[in-house]
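Please look through the model shown here before reading on, and keep it open beside this note. The points below are meant to be checked against it one at a time.

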Amino acid sequence: MHIRRIPRPTRNRPRPHRTRTMAAALLSAAALLASGCSASGSATTSTAATAATAAGTAQLAALPQATPSALASYYGQKLSWRDCGVPGFQCATMRAPLDYARPGAGDVRLAVARKKATGKAKPLGSLLVNPGGPGGSAVDYLQQYAGIGYPAEVRARYDMVAVDPRGVARSEPVECLNGRQMDAFTETDMTPDDQRETTQLVDAYKKFAEACGTHSAQLLRHVSTVDSARDMDILRGVLGDPKLNYVGASYGTFLGATYAGLFPERVGRMVLDGAMDPSLSARRLNLEQTAGFETAFQSFARDCAKRADCPLGAKGSTPDQIAENMRTFFQKLDAHPVPTGDADGRKLTESLATTGVIAAMYDQAEWAQLRDALHAAMKENDGAGLLALSDSYYERDSDGRYSNLMSANAAVNCLDLPAAFTGPAQVEKALPEFEKASPVFGPNLAWASLNCAYWPVRATGRPHRVEAKGAAPIVVVGTTRDPATPYRWAQSLAGQLSSARLLTYVGDGHTAYGRGSACIDSAIDTYLLKGTPPAQGKRCS
């Protein structure tokens, strides 16, 4: 599945980091899940045990309410807060067991940041935030957006808090390829035309997986979503909060839902924006997300066709005509990459261009930039604009350095769900279904779904339902034309969670909170500040 990331906020604040893909870019993977497996990856009978449902899908069961004695030292630790180097923020390092099944076998150290409540009214405790990914830095998100861009009323009442999940950014990051190797990886042809190109793609996946296994061998077995959810409960206890207040976006909704399933009685005010569906297999997730990107592209195409400067067709063109021109452009790049003026000599390949287009699908505010970039590449033989979109998606800086987003993304996804496909033959068989879901992106995303087939660590999670019986009201937010987390997923998660309230944004883009809808923002702010959830089925535009 693609990186799940928060798009550009509409408030006048810095944008948070983007979050996910493979192709190497289009990291397909099992993005979600951990069913009833223990944090160590072995089935457990007394902790996160599963129960069969009528539909045959496992259900995530709650952990015992009492804190195990083996974890007492972790819950009892004191954080040593220090200056972060960012005005107004403090940072600390928290310990958590590397393996929850063997707490004495070593620790993982997690980076935590906070900004204390600014108001004089009675504080409401901590509000933990996560921007998604998996692999997105929550600490960066806090310091660059949430801690300064969330409504002043919310920041006045809550200590704004973030923890980089294990394996991510400052929290003992998973390491795989270096910058030059990542450049080669992201340029790999994701739509192989023959056996030679198929072999090259498979070799790229294998090289990536082998590098992760070499550089992060011990950590790879312990970066599941269940592990990170349990880490969040340690943080809750260390901060002194009786319940966890939380806003998670995109993959952060799966992390939050997992927490709710494991610790339902400790759920405070929880918002899951751009929701994921934990009951789906990796293959189904990738297929439905492919359809989601097609829905977003159709919206872009309709908008583009109204404009005289649309590079994909004359004014008044149909969305299908624009889609066909997009496919034709990708095919031309496959044969003849376009110069970019990049200092490292990179050209705009089909795979990089596809990633650039997909990046702009997350937020309609980027459609103008995409039109300009397409015009430059198609009319002026200048691929710099699309390369910039692709680089921002991968979190590659101008010096050729990548964040560990892609590495952490694969590590979590490939542990959370069994691979969507086990080999090229299965992908080839599925191509018609993916092409039907998206004529524009289908082939690329089908082959992207192969990446976990060669992962060095066996998946520990399985598709499952999350009911979280006994939890306080949980607000699940879905956007009707969300490309990365299709609206149906929000409906499904809201149907699973016993205390969910579904809040719908009728519109485009990925996630809804803080993106321009006063209706959405008011409903969520009221819930966070007063504890009053929106009416069931509330819709906003």
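1. Basis of the note. This is a predicted model, in which local features need pLDDT of at least 70 and side-chain atom pairs count only at pLDDT 80 or more, while totals for chains, interfaces and linings use all residues. Residues are numbered from 1 along each chain as its sequence is written, and side-chain values use heavy atoms, with hydrogens and water left out.

2. Aromatic pairs. The structure holds 16 aromatic pairs, where rings of Phe, Tyr and Trp (its six-membered ring) pair if their centres lie within 6.5 Å, and where planes under 30 degrees apart count as stacked, over 60 as edge-to-face and the rest as tilted. One of these is formed by phenylalanine 208 and tryptophan 455, whose ring centres are 6.4 Å apart and whose planes meet at 35 degrees, so the pair is tilted. Phenylalanine 208 belongs to helix H5 (residues 195-215), whereas tryptophan 455 sits in the loop between helix H15 (442-448) and strand S10 (464-465), and the pair thus links distant parts of the chain, 247 residues apart. Helices (H or I, at least four residues) and strands (E, at least two) are here DSSP runs, numbered from the N terminus.

3. Are phenylalanine 208 and tryptophan 455 buried or exposed? Both are buried, a word that means under 20% relative accessible area, with exposed being over 50% and partly exposed in between (1.4 Å probe, protein chains only). A further tilted pair is made by tyrosine 259 and phenylalanine 263, with 5.0 Å from centre to centre and 40 degrees between the planes. Tyrosine 259 counts as buried because its relative accessibility is 0%, and phenylalanine 263 counts as buried at 4%.

4. A cluster, and a charge over a ring. Ring pairs link Phe293, Phe297, Phe300, Tyr362, Trp367, Tyr393, Tyr394 and Phe441 into a cluster. Elsewhere, arginine 114 lies over the face of tryptophan 81, at 4.0 Å from the ring centre; a charge sits over a ring if NZ of Lys or CZ of Arg is within 6 Å of the ring centre and within 35 degrees of the ring normal.

5. Strands S11 and S12. Strand S12 (residues 500-508) is mostly covered, since seven of its nine residues are buried. Strand S11 (residues 474-481) runs parallel to S12 and is joined to it by seven bridges, and two strands pair if DSSP finds at least two bridges between them. Within this pairing, valine 477 stands opposite leucine 503 in S12. From S11 the chain passes through helix H16 (residues 487-496) to S12, making a β-α-β crossover that is right-handed; the term applies if, with the strands pointing away from the viewer, the path from the first strand over the helix to the second runs clockwise.

6. Helix H16. Seven of the ten residues of H16 are buried, so this helix is largely enclosed by the rest of the structure. Among the buried residues are Tyr487, Trp489 and Leu493.

7. Strands S12 and S13. S12 also pairs with strand S13 (residues 539-540), in the parallel sense and over two bridges, and the bridge partner of tyrosine 505 in S13 is cysteine 540. Here the chain crosses from S12 through helix H17 (residues 518-530) to S13, and this β-α-β crossover is left-handed.

8. Disulfides. A disulfide is a pair of cysteine sulfur atoms within 2.5 Å, and by this rule the count comes to five. Cysteine 519 and cysteine 540 are joined in this way, with 1.9 Å from S to S, and with -55 degrees about the S-S bond their link is left-handed. Cysteine 519 lies in helix H17 and cysteine 540 in strand S13, so the pair ties together parts that are 21 residues apart in sequence. Cysteine 519 counts as partly exposed at 27% relative accessibility, whereas cysteine 540 counts as buried at 3%.

9. Two further disulfides. Cysteine 84 and cysteine 91 have their sulfur atoms 1.8 Å apart, and the torsion about their S-S bond is about 110 degrees, so this disulfide is right-handed. The link of cysteine 304 and cysteine 310, with S to S 2.0 Å, is also right-handed, at 105 degrees about the S-S bond.
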